[in-house]
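Here are my notes on this one, in numbered points.

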Amino acid sequence: SSNDNTYCYFRYTADGAIMVFLNGSNDERTVPVSHYKEVLDIYGYKGTDIIDHSEVELQEGLTVDGLSAMIIKLHK
């Protein structure tokens with residue numbers, strides 16, 4: 001999906017999912033995770049950032065710096 005120069009897509013199997021979020025804007029963006037409820041309800045609202053291995057909580061929203069990406073392995 002695309003919103004406010006941000007892009008999100010998922011790749012998933014029965015065992016798990018990867019969420020890729022791209023911010024094409026120069027500015028930090030926060031996107032409500034409700035936009036991705038259909039997938040997150042199945043795979044969970046917690047994950048691990050595969051770049052820096054930090055835990056990510058997706059309950060409120062997802063904030064990504066300008067001109068950057070976040071790749072999250074979702075915990076089912």
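**Notes on the model**

1. Let me start with a charged pair: Glu57 and Lys46 meet through their side chains in a salt bridge, at 3.8 Å from N to O. The two partners sit in distant parts of the chain, eleven residues apart, with Glu57 in strand S6 (residues 55–57) and Lys46 in strand S5. Lys46 is partly exposed, at a relative accessible area of 45%. The term salt bridge here takes a side-chain nitrogen of Lys or Arg within 4 Å of a carboxyl oxygen of Asp or Glu. Helices (H or I, at least four residues) and strands (E, at least two) are DSSP runs, numbered from the N terminus. Buried stands for under 20% relative accessible area, exposed for over 50%, and partly exposed for what lies in between, with a 1.4 Å probe and protein chains only.

2. A word on the basis of all this: it is a predicted model, local features need pLDDT of at least 70, side-chain atom pairs count only at pLDDT 80 or more, and totals for chains, interfaces and linings use all residues. Residues are numbered from 1 along each chain as its sequence is written, and side-chain values use heavy atoms, with hydrogens and water left out.

3. How many salt bridges does the rule give? The count comes to three. One of them joins the side chains of Arg29 and Asp4, at 2.9 Å from N to O. Arg29 lies in strand S4 (residues 29–32) and Asp4 in the loop between strand S1 (2–3) and S2, so this pair ties together parts that are 25 residues apart in sequence. Asp4 is partly exposed, with 48% relative accessible area.

4. Lys37 and Asp41 also meet in a salt bridge, at 2.6 Å from N to O. Both are in helix H1 (residues 37–43), four residues apart, so about one helical turn separates them. Lys37 counts as partly exposed at 43% relative accessibility, and Asp41 is partly exposed too, at 45%. As background, side chains of opposite charge can pair when their charged atoms come close.

5. Now look at strand S3 (residues 17–23). Is it mostly covered or mostly open? Five of its seven residues are buried, which makes S3 mostly covered. Strand S2 (residues 6–12) pairs with S3 in the antiparallel sense over seven bridges, where pairing requires that DSSP finds at least two bridges between the strands. S2 and S3 form a hairpin, with four residues between them, and Tyr12 stands opposite Ala17 in S3. S3 is also joined to strand S8 (residues 68–74) by seven bridges, again antiparallel. In that pairing Leu22 stands opposite Ala69 in S8.

6. Met19 is worth a click. This residue sits in strand S3 and is buried, with a relative accessible area of 0%. What does Met19 touch, leaving out residues up to four places away in sequence? The list is Cys8, Tyr9, Phe10, Tyr36, Leu58, Leu62, Met70, Ile71 and Ile72, with contact taken as heavy atoms within 4.5 Å.

7. Thr48, in strand S5 (residues 46–49), is buried as well, with a relative accessible area of 15%. Its side chain makes a polar contact of 3.2 Å with the side chain of Glu55 and another of 2.8 Å with that of His75. A polar contact is a pair of N or O atoms within 3.5 Å; within protein, one must be able to donate a hydrogen and the other to accept it, and residues adjacent in sequence count only if both atoms are side-chain atoms. Not counting residues up to four places away in sequence, Thr48 touches His53, Ser54 and Ile71, among others.

8. Finally, two backbone spots to check. Asn5 has a phi near 65°, a positive value in a residue other than glycine; Asn5 is in the loop between S1 and S2 and counts as partly exposed at 35% relative accessibility. His53 likewise has a positive phi of about 65° although it is not a glycine. His53 is found in the loop between S5 and S6 and counts as exposed, at 60% relative accessibility.
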